[in-house]
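Welcome, and thanks for taking a look at this one. Please keep the model open in your viewer as you read.

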Amino acid sequence: MPETNQQTLTILYTNDIHSHFETMGRIAAMIHELRAEAPASTLLLDIGDHMDRAAIETEGTLGQANVDVLNLTGYDAVTIGNNEGLTFTPEMLRQAYAGLHSTVICGNIVELQTGQPPAWMQRRKVVHKAGLKIGLVAATAAFAEFYELLGLESLNPLDTIASDVGQLRDKVDLVIVMSHLGLPMDRQLAETVPGIDLIIGGHTHHLLEEPLRIGSTMVTAAGKFGNFLGKVVVRQISDTGRFMLDGVCLPVVEGPKLEQVETAIALQRDAAKLRLNRTVAMTERELPVSYEAESPFGNLLAQAVRRHTGSEFSLVNSGQLLSGLPAGEISEGMLHERCPSPINPCTMQVTGEDILASLEESLLEEKMGKAIMGFGFRGKVLGGICVDGLEIEYDPGAPPYERIIRASVAGVPLREDQTYLVGTLDMFTFGVGYERLKQGTEKRYMLPEFLRDLLRLELQTAGAVDRCFQSRWKKVE
């Protein structure tokens with residue numbers, strides 16, 4: 001006998017768009033078409049990392065371009081990813097979200113001072129669609145040390161989600177978790193937290209064209225960069241009261257774009273370019289960058305990190321810089337274009353043994369040209385190690401891992417059994433690029449400054465440009 005009296009809800013979602021504005025107009029048009037079929041029965045969600053400051057539109061408007069798109073597309077609720085929560089200060093987000101028409105939901109981020117969510121965020125929410133009461137629960141990846149530097153505490157997301165689901169389960173028909181936590185944690189949630197009907201995921205950029213079904217919970221996600229639009233259809237069979245969920249990820253291919261979204265993006269792009277066009281420094285010398293050898297722009301970055309961190313010496317990678325810097329007026333936009341990564345400086349104590357091993361590793365051709373992704377890196381290849389405060393003598397013709405003859409700090413040879421205060425990049429503390437560096441201890445992250453902010457200050461420092469032409473890597477053949 002056919003099932004009758006079905007109550008149908010359509011959930012549309014995006015995740016990890018990362019400010020790929022070129023996809024947003026098309027996604028908005030697809031949503032507009034799908035919503036037109038049942039406007040009162042469509043729920044639209046974003047699962048975080050909609051913003052990415054590598055994009056000029058986001059950087060130059062501090063997220064307002066993204067908020068315009070969210071509003072014009074008609075989102076019902078959004079959560080934050082690490083690109084919102086960690087690359088913007090809470091005050092920046094307060095200003096950006098002041099004009100947001102939808103609700104920001106996240107249960108595991110609270111203010112250190114109050115223990116409550118920021119004023120622009122709700123812990124959980126109940127929405128009404130298609131005659132159903134829907135409980136929305138959300139959490140984001142808990143980078144505790146980083147959030148603390150911004151005056152926020154990131155709570156254990158498994159605990160907050162379990163608590164919020166427990167609070168809502170008996171009061172709603174459907175519980176949806178908006179999870180910017182990554183697929184492994186989504187699996188764990190489905191296996192250990194009862195009462196969740198649907199987990200919509202993000203963070204690890206996974207694409208689940210076929211949703212996972214773990215117990216009574218469906219788990220889904222739509223990849224990255226706006227390449228897919230997620231769709232879940234929920235049918236409640238009134239005869240039994242149970243729900244049937246079917247999910248699919250719709251490819252975002254060429255087609256009509258929503259005109260008002262495209263217009264808003266163009267206007268915000270123009271405003272961003274104007275703001276980023278202001279001159280922040282002057283240099284009489286061109287600063288080239290190389291990924292295979294020492295270069296002035298790479299040295300300038302190393303100088304900037306050492307000066308900012310107050311370290312004995314600094315280690316950075318040239319791949320952070322996407323191109324050299326011309327002579328003349330340097331604008332904020334030029335620095336953003338060349339160093340778009342939302343990477344922060346940090347210090348840690350590193351042994352001489354691990355430093356020497358990393359320097360040796362950086363001389364390998366395959367390492368210099370290695371493609372790197374994730375952890376905030378927005379370059380293409382790792383490049384070589386750039387240093388300041390360290391002098392290295394090496395033989396490029398020697399066998400791999402035997403090329404460093406001597407590395408010295410202020411004329412004193414580096415000792416393998418001694419530890420040094422090193423200024424470096426947060427991504428190295430996670431083992432990205434040079435595995436040995438993550439063994440450093442007493443890590444101290446510095447937020448909210450990005451590398452481009454440090455470059456600006458270094459360019460404004462008397463004598464800094466001339467000094468970056470002084471060699472630190474000396475060939476001995």
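## Ground rules

This is a predicted model: local features need pLDDT of at least 70, side-chain atom pairs count only at pLDDT 80 or more, and totals for chains, interfaces and linings use all residues. Residues are numbered from 1 along each chain as its sequence is written, and side-chain values use heavy atoms, with hydrogens and water left out.

Helices (H or I, at least four residues) and strands (E, at least two) are DSSP runs, numbered from the N terminus. Strands pair if DSSP finds at least two bridges between them.

## A mixed open sheet

Let's start with the open sheet of four strands, whose order is β22-β21-β20-β25 and whose pairing is mixed. At its edges lie β22 (412–413) and β25 (473–475), each pairing on one side only. Helix α12 (residues 352–362) packs on this sheet and touches β20, β21 and β25; contact here means heavy atoms within 4.5 Å. The direction of α12 makes about 125° with that of β21. Axes are lines fitted to C-alpha atoms, for helices over the stretch in contact, and angles run from 0 to 180 degrees between N-to-C directions.

Within the sheet, β20 (residues 391–394) and β21 (residues 404–409) run antiparallel and are joined by four bridges. Ile-392 stands opposite Ala-407 in β21.

## Two helices side by side

Helix α3 (residues 64–73) packs against helix α9 (residues 259–276) at about 170°, and their axes are 10 Å apart. The two are therefore roughly antiparallel to each other (angles over 145 degrees count as such).

From α3, the residues Gln-64, Ala-65, Asp-68, Val-69, Leu-72 and Thr-73 meet Gln-260, Val-261, Ala-264, Ile-265 and Gln-268 of α9.

Over four bridges, β10 pairs in the parallel sense with β9 (residues 174–180), where Val-177 stands opposite Ile-199.

## An exposed residue

Finally, look at Glu-442 in strand β24 (residues 441–445). Glu-442 is exposed, with a relative accessible area of 61% (exposed means over 50%). Leaving aside neighbours within four places in sequence, Glu-442 contacts Thr-347, Met-348 and Gln-349.

Methods. Angles under 35 degrees count as roughly parallel, over 145 as roughly antiparallel, 65 to 115 as roughly perpendicular and the rest as oblique. Buried means under 20% relative accessible area, exposed over 50%, partly exposed in between (1.4 Å probe, protein chains only).
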